Each structure stands twice: as structure tokens, then as C-alpha cells.
Amino acid sequence: MYKCTTNSNIALHRPQSPSSRVDEELIQKSLRAINSTTDPLEKLRLLCLSRGASGIIGLGRIFRRMDDDGSKQLNKEEFLNGIKETGLDLPKEDADELFEKFDVDKSGSISLDEFLRQIRPPMSESRRAIVEQAFKKLDKTGDGEISIEDVRGVYSAASNPRYMSGEESADVILKRFLANFETEGTVDGKITLEEFMNYYSGISVSIDNDCYFDLMMRQAYKL
């Protein structure tokens, strides 16, 4: 079994927030790469990531909201409207090509789950495993969602400067922690494994070293 080692000067993080250095690096890296790709799937992925680690979460939530009948299938109109609603600047011809690529049986609809799995940046098995481990630790009730009740006692607000100064209550700080994994306009205070994985797949893009990613997660969640 290999052992990860790191320089003591490396800064360790709590779960990354949209204002973090890692998120900013992700945004800049994605913006630079957009113009050099011709693949519609990669272009859509980069457009999402150019909004930060929560960009893909936002796309997934919009598409799921459009799945009115709960079939987990999207027809072409729903798909194109979803792309449009995100405000992502994906040309219609690219969106058309993307839909056709996923409509393998030419039924006129695509699998929502499969599409979201494909749009998520790939992560190694070791990274996926540590993210799942962190999620399970936070999901105290085991119901597949992380709520404010779950994170109490796991993510402590006691050392937060705003809590110590009396500016914010523990609940406000915990809600802000949960909001890291959500997007503006879609905050419901509940995080699914898919959203948690989507968030960290975005963070993962900007971290080349597996050992550092592993260490970051272990330090953040006391694994």
C-alpha cells in the first residue's frame, strides 16, 4: 500500500467555497480550454466548470426540474430548453449534436442519469472512494441526503471567526457550509450523493496530485 506524503507548507482546506483559490483556478482553466475543444460534450462540461465547482450541480438541477413525470428521460425540446435556461453559451448546433449522441436508440429522448454521469469530469476510483467516504460520514441518518441536522457535530462552527465574534449563529454557518454544494436559486439545504460527487469532481479537475486530493478530503472531514 502506497503512502501519501506532503510538504508541511501545503495549505489544507475545509470544503472548498466558490471564493476559494481552487475554485478560481478551475474557472480560469476552463475558460482557457473552451476555445480549443470541438467536442460538444467537453464544451458543455467546460462551460459548466467555468462557473466553478457547483456549475454541473446547477445543470443537473435544471434538467431534473424539467423531468415533470419523473421518468428520468428528456425529449429534445426539454433538453434544448434546459441548456437555454442555464444561460450557458452552447451553440444550438452543438446542443443538437449532443442530443443525437445520447439518443442512441433514436427514440427521441435521452437518459437524464446517463447524461449527467457523462458530463461530470472523470475522477479516479481512489478519489471517488474518498468522496463517498466523506458523504457517508456526513449522512448521519443514512437517508442518502445531507441536511443541517446531519452536519451538526461533524462540521463544527465553534472555531469559525464569525461564530466566535457573535456575528453569526452556528446554524447560519452550517447552512452556508451546505450552500457550498448548491447553486444560486436552487438552495434547499439538502445535498445528495450525486450533488456532492458533482461538486468534488469539479474541485478534482484543478488538483493534479491524488495524494493532495486525498489529504484535503481527510483533513476537511476528519476521515
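Me: What should I know about the numbers before we start?
Reply: It's a predicted model, so local features need pLDDT of at least 70 and side-chain atom pairs count only at pLDDT 80 or more, while totals for chains, interfaces and linings use all residues. Residues are numbered from 1 along each chain as its sequence is written, and side-chain values use heavy atoms, with hydrogens and water left out.

Me: How many helices and strands does the protein chain have, and what makes a run count as one?
Reply: There are 12 helices and 4 strands.

Me: Why are α2 and α3 called roughly perpendicular?
Reply: The axes of α2 (residues 40-49) and α3 (residues 55-66) cross at roughly 110° and come within 7 Å. Those axes are lines fitted to C-alpha atoms over the stretch in contact, with angles from 0 to 180 degrees between N-to-C directions. Under 35 degrees would be roughly parallel, over 145 roughly antiparallel, 65 to 115 is roughly perpendicular and the rest is oblique, so α2 and α3 get the perpendicular label.

Me: Which residues make that contact?
Reply: Leu44, Arg45, Cys48 and Leu49 from α2 meet Gly55, Ile56 and Leu59 from α3, where contact means heavy atoms within 4.5 Å.

Me: What makes Phe196 and Tyr200 an edge-to-face pair?
Reply: Their ring centres are 5.2 Å apart, with 65° between the planes. Rings of Phe, Tyr and Trp (its six-membered ring) pair if their centres lie within 6.5 Å; planes under 30 degrees apart are stacked, over 60 edge-to-face, the rest tilted. So Phe196 and Tyr200 pass on both counts. They sit 4 residues apart in helix α11 (residues 193-205), about one helical turn.

Me: How do you know whether Phe196 and Tyr200 are buried or exposed?
Reply: Buried means under 20% relative accessible area, exposed over 50%, partly exposed in between (1.4 Å probe, protein chains only). Phe196 comes in at 0% and Tyr200 at 1%, so both are buried. Both also belong to an aromatic cluster with Phe135, Tyr199 and Tyr221.

Definitions and conventions. Helix = DSSP H or I, 4+ residues; strand = E, 2+ residues; numbered from the N terminus.
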